[in-house]
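Please read these notes with the sequence and the 3D view open side by side, and look up each residue as it comes up.

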Amino acid sequence: MEKELARNPADPAAFAKLEELYRKTEQTKALTDLLRKALARNPSDGAIFGRLEEIYRSTEQWKPLVEMLEALTARDPANQEALAKLEELYRKTERWTLLCDLLEMRAQRKGDAELARGLRMERASLLLDKLKDAQSALVVAQGFAAEDPTVAEALYLRALDSDPDNVVALAALADLCSRRGEFERAVKFAVEGAEKTKNPIEKGRLLAQAGLLALDHLDDPDAGLDRLDRALSADPEQARAAERLAKLREARQEWQPLEPLLDMLLRRAPPDDVAARAVLHERVARCAKQLGKMDKAMSNFEAATKLSPHDLPLAQASADLHFEREAWAAAGSAYEHVYALGRTRFTASERAALCARMATCAERIGHSDAVLHFLEEAAGLEPHERSHLDALLTLRTARQEWHEVVDLRRKQLALISNEEERARLWDALGDILRDQLDDSAEAVACYTKALAAQPDRRQTLYKMLDYYSIGKQWNKAVETLEKLSGLETEPTIRARGRYTLAAIYRDEMKDQAKAVEVFTQVLEDDPMFMRAFDAIERMLTESRSWKELARAYRRQLKRLPAEAPTEVKVRLWDALADVAIKHLKNRESAILALEVAAKLDRDNFARQEQLAQMYQEAGPSAVNKTIAQHQMLISKKPDRIASYQALAPLFYQMGAHDRMWCVAAALVYLGKADPPLASFYESYRPTQLPNAAGKMNEELWHRILHPAEDPHVSALLALLGPAIAMSSASPHKALGLERGGRVDLSGSAWPHAAALRYVANTIEATLPDVFLKKDAPGTVSIVNLREKNALTPALVVGPGFEQWTRQSEVIFDLAKRMVLMRWERVPRFALGTPALLEIALRAGLLLGGCPIGNGPHGDEVNKMAKTLDPLLLPALRAELKVVARRFVDARGDKLDMLGWMAAADLTAGRAALALCGDLGAAARVLAVEPSGQSPLPVRERINDLLAFSVSEDHFAVRAALGLHVNLTPPDPEAAGPGTARRRMSHVQIKSTP
């Protein structure tokens, strides 16, 4: 049968027989092939199609069945039965993509809309659930957005469930919620979409959408602005965001961020949209103007004007900018254009304002006639507007057109009702008539009207005063000045007016008494108006009214303020003293005046001398003042012989024998002692080793201390002294000394040991080591020595010391060295130079927690601090902090080590003089000292000793130590033996001069 059918494929009998045989023998494959070939020959044969479909289903051959159905639907797309079977097979075989395509094809057929809706919903579900194709599902959802937004939203949300980062779904939801009025949800989806998209344009669009919704529907301007800003950051060309932001920035006058927005909008504006571009150019111009970018503003105003030449506000703004840029010619032309555009639209006031602007432009380019024209036009448009009259007045005044100025002034007056201003204008009009038109009569008439409007107008009263003075109408001038004085509340100004009044009384009306009275009133108002006092002084001197003059001096001194210049006060006190001496013969009054002048002007030596003379002439009542004054004169001028000669008899009269002896010693040294004084000096001059009855305690040290020796520097160096000495001390051998070579100071092996013991005992100092060294320079040197960890400062005595033949010379030399070995002075010799001393002082302040900087010494101060720190005794550290703080509080960062060194040396000399009691011996020792001992020359040091030798401090120290000359015999019955010895002098009493 197969062969038969092969020969004749169209033989129905053979086909049927063979089909039957295949079925009976269950040859399914052969049967299938037979039916397929038959169907291929006749594709429309439904019977064969059905039998073949049955075989495929029974054998579950789904693929060929699907292919067969697909071929059928391709030939007959309207075959609903085949489509249904194909759909059923796609489901069975899970061919979801083909099923989705089939569903869409069925949905697109015209007919049942509800069926189509269901098919598309199923397709979207398959895309989401089976194929995970959210994008295709979203396309399906878009089809529902307009007609069935609820379904669309559900699909969008399902798409997000399967793909949370799906920007398309988020954007679609944002649009959908926005259309439905769900603005908060719309913003949420838009912001979320913007955060997840990588596309800057889409990010910008979504952020712009969120920002606009926040502004327009959620009343959240801050969030809206923020999102619009972020939209432009993502996409600088985001026009919707830029336009809205620009409006907001303009409303808020936020010009800086507005500028780039407007620039972008202008760049994107269509070239053919003339109106839009004109508006944008104007907006850019106004923004640039606010930012001070005048060139940009101007170019954009010009561009806007070209696009919209008849826009009046725009033309006005452009002209105003030219004006602000002081482009006067361009501004003038622009305002003329504005004037022409607005001729029928502007009010008279607005046209007048434009004329004023055009006048300003014309003025700036020097067109004076044009200025006048515009101002007159403005005044014609607004005849009652003062500003136009004022401007015309300024111009007419500049052109010196005085008659026109007068007319304009009168027009001004017609507009003014305020009396004060009318007075001012009448006054100004009077000035023009007087000064420019030389019409004094009319000027006075104007001044009179000014005073009628404002009777107390001082400027006008002064002008009337000038008029009366020129006309020599002195009574009226006086009356006017009296009125002016009564009006003035400021004393110093009133004083000037009264001075003029007093001068008229004196010079024109010859009333001296009245003049003095008014000049006195001047000084009551202004005590420093010294010309008024000079006038009083001159008139009272000329009239020889000495008592009145003295009273005038006293009243003026009482009037002077505390801050009045010293020279003014001194002149008055001197003058009062002069009147008291020469004319009133009142020594007491003169002395009081000179005392005050001397306190105010301490450096006037001549006055101090005069005061000393006055005290001396006053006799016993002023003896103490006489002594103090001469001592002060000597302190200023130690070689002033007259003062020594004045002091000697005064001390003699007082029975102050030691004081007299000290004065005699100074005169002997100066070579000016008379024979009795010289004899008295020699009689009690010390020749043996003194026997001090007291010790140099702190009170006595303060009396000896030179005033220039800074106590704060001394206090600081006293604490640092041991550490500084240790840091720079040398072993004995380094200086060529042997420890065993010390002088034995306990006995008389060294002839000067007793003198050194006397000095050390009196100043309460430890005896130093003493070495005799034949090659040592000078007489006695201080050396800074140490033995192991102990300081052993010593004196090195050289051969020069043997020149001293008097005990007092030996004592002075040793005493001065011993004083210089006190701890506050040890650093002077341990370090050697002012620079090193300053470094040590700065280091001490640093260690005390009060640094003042390193000054010019750089790191040397820090190095010194590191050196001294471990050497400071722990017990001194707390005290160092206190002393350092006191130093800084008192001196700040000011250091004068050279001055301190000089003063410290002078202090040592004073102490040594007190111990030796011989000024001549002191001078001889100082004369041979090496130059490096002090910054001061020998003459100055000796002068200091001269002044100190006759000072109360020196007298007190001598008395306290029991080294004074005492001519009072002891009274053994009144006191014990110890008392008698203390009152005895260290010299043998021989006679009384």
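1. Lys-788 has a relative accessible area of 73%, and because exposed means over 50%, this residue counts as exposed. Lys-788 is found in the loop between strand β3, residues 786-787, and strand β4, residues 790-791. Please keep in mind, here and in the points below, that the model is predicted.

2. Gln-400 is not a glycine either, but its phi is positive, at about 55°. With a relative accessible area of 56%, Gln-400 is over the 50% cut-off and is therefore exposed.

3. His-403 belongs to helix α24, which covers residues 402-415. Is His-403 buried or exposed? Its relative accessible area is 57%, which is over 50%, so His-403 is exposed. In sequence, His-403 and Leu-433 are 30 residues apart, while in space their C-alpha atoms are 9.2 Å apart.

4. Asp-431 sits in helix α25, made up of residues 419-435. Why does Asp-431 count as buried? The reason is that its relative accessible area is 19%, and buried means under 20%. The side chain of Asp-431 makes a polar contact of 2.6 Å with the side chain of Tyr-447. Once residues up to four places away in sequence are set aside, Asp-431 touches Gln-436, Tyr-447 and Lys-463.

5. Arg-249, a residue of helix α15 (residues 239-252), has a relative accessibility of 10%, and because this is under 20% it counts as buried. Which residues does Arg-249 touch, if those up to four places away in sequence are not counted? They are Leu-225, Asp-229, Glu-254, Pro-257, Leu-258 and Leu-261.

6. The largest nonpolar core holds 100 residues, and the members that touch the most other members are Tyr-335, Phe-519, Tyr-553 and Leu-572. When neighbours within four places in sequence are left aside, Tyr-553 is in contact with Phe-533, Glu-537, Leu-572, Ala-575, Leu-576 and Val-579. There is also a second, separate core of 75 residues, which includes Ala-753, Ala-760, Leu-946 and Ala-947.

7. The next topic is empty space. Rolling a probe the size of a water molecule over the atoms shows where such space is left. The largest pocket has a volume of about 900 Å³, and 35 residues line it. Nearest to the centre of this pocket lie Met-821, Arg-822, Trp-823, Glu-824 and Arg-825.

8. Which elements each supply at least two residues of the lining of the largest pocket? They are α40 (698-704), α41 (711-728), β2 (780-783), α43 (807-820) and α44 (826-831). Helix α41 gives the most to this lining, with 6 residues. Sorted by kind, the lining residues of the largest pocket divide into 21 nonpolar, 8 polar and 6 charged.

How values were computed
Residues numbered from 1 in each chain as written. Predicted model: local features only at pLDDT ≥ 70, side-chain atom pairs only at ≥ 80, totals over all residues. Heavy atoms only, no water. 1 Å grid on protein atoms, 1.4 Å probe; cavity = no way out; pocket = protein on both sides within 12 Å on 5 of 7 lines; lining within 4 Å. Points joined across faces, edges and corners; volume = space filled by probe spheres on them. Helix = DSSP H or I, 4+ residues; strand = E, 2+ residues; numbered from the N terminus. Nonpolar A, V, L, I, M, F, W, Y, C, P; charged D, E, K, R; others polar. Buried < 20%, exposed > 50% of the residue type's maximum accessible area, 1.4 Å probe, protein only. Core = buried A, V, L, I, M, F, W, Y, C linked by side-chain atoms within 4.5 Å. Contact = heavy atoms within 4.5 Å. Polar contact = N/O pair within 3.5 Å; in protein donor to acceptor, adjacent residues only side chain to side chain.
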